[in-house]
Amino acid sequence: MKKTCEELREVAKILRKDIVKMLTESKSGHPGGSLSAVEIMTTLYFDEMNINPENCSNPDRDRFVLSKGHAAPVLYAALAERGFFAKEELMKLRKTGAILQGHPNMNYIPGVDMSTGSLGQGISAAVGMALAGKLDNKEYRVYTLLGDGELGEGQVWEATMCASHYKLNNLTAFVDFNGLQIDGDITKVMNSLPIDEKFEAFGWNVICIDGHDIEAIKNAINEAKNVKDKPTVVVCKTIKGKGVSFMENQAGWHGAAPSKEQCEQALAEIGGDK
Amino acid sequence: MMKKIATREAYGNTLAEIGKQNENIVVLDADLSKSTKTAVFKGECPERFLNMGIAEGNMMTVAAGLATCGKIPFASTFAIFAAGRAFEQIRNSIAYPKLNVKVCATHAGITVGEDGASHQAIEDISLMRSIPNMVVICPSDAVEASAAVKAVAEYNGPCYVRLGRLGVNVINDNQEYKFEMGKAVKLREGNEVAIIATGMMVDAALEAYNILAEEGIKARVINIHTIKPIDEDAIAAAARDCGVIVTAEEHSVIGGLGSAVAEVVTSTYPVPVLRVGVKDTFGESGSPVELLEKYGLTADEIVKAVKKGLELRK
């Protein structure tokens, strides 16, 4: 389902508003790192990925693994808007008995390809999916989204080494490089910079872009498809809490829910038709 | 002289056998394929053998990813690195999403021998059985290991299979032998005491039976190859019929078979349960047989526990 950049920017607004609304309703969750990844998720789910809400388990579909599982709200907003489940479910996020768990669960939620939440593991699962694609000579592609703070997990680098060892050019990882983790600036908590050079040293094709520029995201995805024998990482410079003025670049909004008043202000700032 | 075969040998051979028949089977190892015997599979199906290098956490989650695409991954390394190091990957990426991954861990228990305590997993049964959705199997010999590997390949869901390094007596090589996941095997009839054992300690339990029989004590010997889901009926019946139970395992007395049996007994038919196993201590380097003696994992130790149990029952 190809869309123009203009159309995608409108979808991004819808996702942003759904994120703010569902977190206000659930009174807990992770807005900062969900809002920073909106353009990446919009481009994947509304422009790029070969997926079908009517046939979630099609073996030939593209896969997505949310390695930074705490950004579940952006995944849920995308899946609901894409028609995988009713939008009303978003308002039950994190509530007892609801399908939308605090972190993604593949058995409860249509369209979720892998249960994640424990950092560092999602990229390994994506490597497994990409390996399966190679073993079966399938054309599908595998996408995963990592946080920059998540790069502190040693398993990320185990998986990274493994992906280049097996020449998984069907795997594209995005790093949501918003510069902040729970305890603050990533360079102060545990410096993972330079991200690009690390991935390059591990044998990956590296693309660095503005993670809010939909056209740049589209181009990066297409470039990755033409790489012959390497996985690709798209290091996306982003703004944590993007689109909501009082949340932008504030580590405090990593895992805090907005009040009703803050929600109203946020929705007004994001704007859009719907 | 009974022939001795390590359960890991049976694992490697069986894996190669079923791997040739089922194209969905893929095998992952963490640079230990010659020791875990997955190299036998590699020899037969090299394209479906994936060496993950020395990175067990990644290996478990890669296996999970493969399972989401319809593969039947067997992931192998030593028990300490599977159940221990990669515990959380197994919990969150395999068991929580209930993915069809078979964690087949070799070199469990102190019979690892000379490599010493760092490599001797005595906590793995405890760790693995505490995870929801997990099946835990500890075969008593090569025949049972082979049957267990075939059974877990057929079963759809996460499994942990505990295998040993040391060659152990073949005790199940007979026409009647049948492996049913979750079903205990009664090896000897008796109503005075029940000896419930798992893994290589089943052989020691049979030896203890002979010693006790000479003294006129008739023991029931039960082999629990599936520690989870455990055969509650067989354990409750043993408690009711015998009035005292001795458990035996090459594992810590905390959290393993002994604990699992005690949990069933206390909530069905409470009787004394005495646990033979490693007594909350680390092992050490040494020859496997000497270590078994030193750490009390012998038929004599089972006999001692039986006598203590019979006293308690009075």
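Two strands count as paired when DSSP finds at least two bridges between them. The legends below describe views of a predicted model.

**View 1. Strands β1 and β2 of chain A pair in the parallel sense.** β1(A), residues 63-66, and β2(A), residues 142-147, are joined over 4 bridges and run parallel. Within this pairing, A:Val65 has A:Thr144 of β2(A) as its bridge partner. In a regular strand, side chains alternate between the two faces of the sheet. Both faces of β1(A) are covered. A:Arg63 and A:Val65 lie on one side and are buried.

**View 2. The fold of chain A.** Chain A has 10 helices and 7 strands. Its radius of gyration is 17 Å, close to the 19 Å that the globule rule gives for 274 residues, so chain A is as compact as a globular protein of that length. The C-alpha trace of chain A spans about 50 × 45 × 35 Å along its principal axes. Of the 274 residues in chain A, 54% are buried. Among contacts in chain A between residues at least 6 apart in sequence, 76% join residues at least 24 apart. An unreviewed UniProt entry places the feature "domain: Transketolase N-terminal" at residues 12-271 of chain A. Over residues 12-271, chain A is 38% helix and 13% strand, and the end C-alpha atoms are 11 Å apart.

**View 3. The contact between chain A and chain B.** Chain A gives 22 residues to the contact and chain B gives 24 residues. On the side of chain A that touches chain B, the elements giving two or more residues are α5 (122-135) and α6 (154-165) of chain A. The largest share of this side, 9 residues, comes from α5(A). By class, the side of chain A that touches chain B has 12 nonpolar, 8 polar and 2 charged residues.

**View 4. Two loops of chain A.** A:Lys27 lies in the loop between α1 (5-26) and α2 (32-35) of chain A. Although A:Lys27 is not a glycine, its phi is positive, at about 60 degrees. In another loop, between α7 (186-189) and α8 (195-201) of chain A, is A:Pro194. The peptide bond that joins A:Leu193 and A:Pro194 is cis, with omega about -5 degrees.

**View 5. The fold of chain B.** Chain B has 13 helices and 14 strands. For 314 residues a compact globule would have a radius of gyration near 20 Å, and the 19 Å of chain B agrees with this. Along its principal axes, the C-alpha trace of chain B spans about 60 × 40 × 40 Å. Buried residues account for 62% of the 314 residues of chain B. Of the contacts in chain B with a separation of 6 or more, 79% are between residues 24 or more positions apart. According to an unreviewed UniProt entry, the annotation "domain: Transketolase-like pyrimidine-binding" covers residues 5-170 of chain B. This span is 45% helix and 18% strand, and its end C-alpha atoms lie 7 Å apart.

**View 6. An open sheet in chain B.** The sheet has 7 strands in the order β3-β2-β4-β5-β7-β6-β12, with mixed pairing. Its edge strands, β3 (49-51) and β12 (226-228) of chain B, each pair on one side only. From one strand to the next, the twist averages 20 degrees. β5(B), residues 102-106, and β7(B), residues 159-162, run parallel and are joined by 4 bridges. B:Cys104 stands opposite B:Val161 in β7(B). Helix α4(B), residues 56-68, lies across β2 (25-29) and β4 (72-78) of chain B. The helix runs at about 170 degrees to β4(B).

**View 7. Two loops of chain B.** B:Pro229 lies in the loop between β12 and α10 (232-242) of chain B. A cis peptide bond leads from B:Lys228 to B:Pro229, with omega near 0 degrees. B:Asp280 is placed in the loop between β14 (273-278) and α12 (288-294) of chain B. Phi of B:Asp280 is near 50 degrees, a positive value in a residue other than glycine. B:Asp280 counts as exposed because it has 9 C-beta neighbours inside 10 Å.

Note on methods. Residues numbered from 1 in each chain as written. Chains lettered and ligands numbered in written order. Predicted model: local features only at pLDDT ≥ 70, side-chain atom pairs only at ≥ 80, totals over all residues. Contact = placed C-beta atoms within 7 Å. Nonpolar A, V, L, I, M, F, W, Y, C, P; charged D, E, K, R; others polar. Axes fitted to C-alpha atoms, helices over the stretch in contact; angles between N-to-C directions. UniProt positions renumbered as here; feature names shortened; annotations may be inferred. Rg over C-alpha atoms; globule rule 2.2 N^0.38 Å. Buried ≥ 20, exposed ≤ 12 C-beta atoms within 10 Å, placed from the backbone.
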